[in-house]
Amino acid sequence: MSYKCLRCQKSFTARQALCEDWRDPEKSVGCPHCGLFQKQDLRPNLQQSILIGVMSGGIATPAVFLIGRGFSSADTLLLFYGVVILISCAAALMLSVRN
Ligand SMILES: [Zn+2]
């Protein structure tokens, strides 16, 4: 995760950032270039959440459908595909949320 300083416009990573008090969100992220502390925005931006929503909906729905078809026709291959798609979808979601 990287930040961009509001004053000098230089970017820096969380590891490079100055930290005065990690419990205070207004003092936990400081610019290492000019020393300006800026409020940390913990929420993912809206565009990213919409993208994640569309992605998970578009992938999870056919996967659930595959599992349903696998159960009703006793086709273990369909069942397997559905489970694999759901697991990889969940893993991708977890990774994108952590970043
Ligand atoms: Zn700065």
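**Figure 1. Q9 in the loop between strand 1 (2-4) and strand 2.** Helices (H or I, at least four residues) and strands (E, at least two) are DSSP runs, numbered from the N terminus. Residues are numbered from 1 along each chain as its sequence is written. This is a predicted model, in which local features need pLDDT of at least 70, side-chain atom pairs count only at pLDDT 80 or more, and totals for chains, interfaces and linings use all residues. Q9 has a phi near 65°, a positive value in a residue other than glycine. Most residues other than glycine have a negative phi. Q9 is exposed because 10 other C-beta atoms lie within 10 Å. The classes are set by the number of other C-beta atoms within 10 Å of a residue's own: buried at 20 or more, exposed at 12 or fewer, and partly exposed in between, with C-beta atoms placed from the backbone.

**Figure 2. C31 and its contacts.** C31 belongs to the loop between strand 2 (11-13) and helix 1 (46-73). It counts as buried because it has 22 C-beta neighbours inside 10 Å. Leaving out residues up to four places away in sequence, C31 touches C5, R7, C8, K10, F12 and L36. Two residues are in contact if their C-beta atoms, placed from the backbone, lie within 7 Å. R69 is 38 residues from C31 along the chain, and the C-alpha atoms of the two are separated by 54 Å.

**Figure 3. Q16 and S2.** Q16 also lies in the loop between strand 2 and helix 1. With 13 C-beta neighbours inside 10 Å, Q16 is classed as partly exposed. Q16 and S2 are 14 residues apart in sequence, and their C-alpha atoms are 9.3 Å apart in space.

Figure 4. Helix 1 has 28 residues. From its first C-alpha to its last, helix 1 reaches 40 Å, close to the 40 Å expected at 1.5 Å a residue; the expected span is 1.5 Å times one less than the number of residues. A74 follows helix 1 and is found in the loop between helix 1 and helix 2 (76-98). The phi of A74 is positive, about 55°, although A74 is not a glycine. A74 counts as exposed because it has 8 C-beta neighbours inside 10 Å.

Figure 5. Two helices and two strands make up the secondary structure, in the order β-β-α-α along the sequence. The C-alpha atoms fill a box of roughly 65 × 20 × 20 Å, taken along the principal axes. The protein chain has a radius of gyration of 21 Å, whereas a compact globule of 99 residues would have one near 13 Å. This radius is taken over C-alpha atoms, and the globule rule is 2.2 Å times the number of residues to the power 0.38. Buried residues make up 6% of the 99 residues.

**Figure 6. Confidence along the chain.** The average pLDDT, the predictor's confidence in each residue from 0 to 100, is 82 for the protein chain, and 91% of the residues score at least 70. Among the elements, strand 2 has the highest mean pLDDT (90) and helix 1 the lowest (82). Where pLDDT is low, the predicted coordinates should not be read in detail.
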